[in-house]
Amino acid sequence: MYYAWVGFYTYMLLFIAVPGLVTVLGGYLQLSYWPPVREICSHADHLLLCPSCVINCNYSRVSESCFEAKTTHLFGNFFTVVFAVWTCLWATFFLEYWKRYSAGIAFSWDLSEYSIIEEYPRPEFLNSSRFKRRHRHPITKLEEPYISFLHGRLPYFLISSSFVVLCIVVALLIMVAIIVYRVSIQIALYTTPDQSAFWSRYADNVVMVTAAFINLLLIMLLSWVYKRLAYFLTELEMPRTQAEFDNSLTLKMFLFEFVNYYSSFFYIAFVKGKIRAEPPEGGLQKSTTVSTYLGEPCPLVGCYHDLAIQMIIIFVGKALLNSLFEYLGPYLKSLYNRHQYLGFRRRRQRGKSAGGPMEDAKSPSPKGDTETGEGEQPKKLQQWEEDFMLESWDHMSLFYEYLELVIQFGFVTIFVSAYPLAPLFALINNVFEIRLDARKMILNYKRPVAQR
């Protein structure tokens, strides 16, 4: 079902990847004669702008915003408006056609009459020692723990909800910390004595790029920590079935990941530049408003350039890092398992050669082992030993694959007007993602158990 969904989603991306490429090409063809770009880049050398800060900041020329003007028009032009409307329609078509396609798959695979009510309880639920009372379930007729809502589920639900809210607040505070970093570093670069230095001339772009990379690293770190916390909190709630467990974990993960990944984009698109105060008459030291310290101005051509750079770095960087970690993680774990198993075999061989307690004359060496000498390491492992050293497959292995692609779907649909090439990059990424996932599942994991 996962590969059916990814294949269908990747195929549907073609219908917005090509229009997105056309949008960028249309903006590129208009760069040479679009009036705002031509005026800023060619006829604005004598026009000066007010300093970006109050103390020790020089005037800047309008022509210094030429690169931002070109980037803004490259991604944000007339074709972008049409493309954004088409993306909204495409999202609706995608969901409706997927319902039809998945219904056909469910019928073909004999899943159309599957009911969650008939699902058997999770082993962790049946083996729980937290609840002493037991009863016979009316549908499955199994003896299982009885958990009352008031004393069994409500306290853990409140604890879990509190932690989720706390993590969301932490994600928002990190976004505020990134804003403070941008403002403080920008002022520091503008007030350097050598205004001709690279860091001073391109202070806006330097701050923009470094803040986006720092934000990406913090997003990935928070996501890694929260995955483990959300799993632990869901286990505390003790859901009865695997479907209930997945639904509870899904709600926690998507609430947090939505804020974690998208909050900086909402800030740049709708808040940045809106709380900027006018320069105080008596100097910076006489102004104590919040906007003085957190007020971050947009460039001359607006915040569209900033939003596009943020989108490129976080969207592309997230996809590359996730692909790297997803493939290297199971591979490194299988290497560790191999090291542990080979160490066990060496100890076993030494015990046999020494005639110790591990020696068993009635237990011959596995078929196919060829030894170069007594107590030496066998040259070749059998296939069952190779399979034993692979990483175990569990019911959560595909959950995070779905999570990654649904977050990508949010980037492609919500913020596509900031970066029209996002669907094209998502299409290319998913083509490799499908092959990497297949290779990882076949070569780095033990064979999964099929479940209806």
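Predicted model: local features only at pLDDT ≥ 70, side-chain atom pairs only at ≥ 80, totals over all residues.

## Nonpolar cores

The largest nonpolar core has 63 residues, of which Leu13, Trp90, Phe94, Met311, Phe315 and Phe411 touch the most other members. Two or more residues of this core come from each of helix 1 (2–30), helix 4 (78–108), helix 6 (149–190), helix 8 (203–237), helix 9, helix 11 (304–353), helix 13 and helix 14 (422–444). Another core, of five residues, lies apart from it and includes Leu31, Ile40, Val62 and Ala69.

With neighbours within four places in sequence left aside, Trp90 contacts Tyr9, Met12, Leu13, Phe15, Ile16, Phe409 and Thr413.

## Helix 9 and helix 13

Helix 9 (residues 242–271) and helix 13 (residues 399–414) have axes that come within 11 Å and cross at roughly 40°. The crossing of helix 9 past helix 13 is right-handed.

On the helix 9 side, the contact is made by Asp246, Leu249, Thr250, Met253, Phe254, Glu257, Phe258, Tyr261, Tyr262 and Phe265. Helix 13 contributes Phe399, Leu403, Val406, Ile407, Gly410, Phe411 and Ile414. By type, the residues of this contact are 13 nonpolar, two polar and two charged. Phe411 is also among the core residues that touch the most other members.

## Leu154

Leu154 is located in helix 6. Its relative accessible area is 25%, so Leu154 is partly exposed. Between Leu154 and Glu237 there are 8.6 Å in space, C-alpha to C-alpha, although the two are 83 residues apart in sequence.

Technical notes: Residues numbered from 1 in each chain as written. Heavy atoms only, no water. Axes fitted to C-alpha atoms, helices over the stretch in contact; angles between N-to-C directions. Helix = DSSP H or I, 4+ residues; strand = E, 2+ residues; numbered from the N terminus. Left-handed = near helix turned anticlockwise from the far one by under 90°. Contact = heavy atoms within 4.5 Å. Nonpolar A, V, L, I, M, F, W, Y, C, P; charged D, E, K, R; others polar. Core = buried A, V, L, I, M, F, W, Y, C linked by side-chain atoms within 4.5 Å. Buried < 20%, exposed > 50% of the residue type's maximum accessible area, 1.4 Å probe, protein only.
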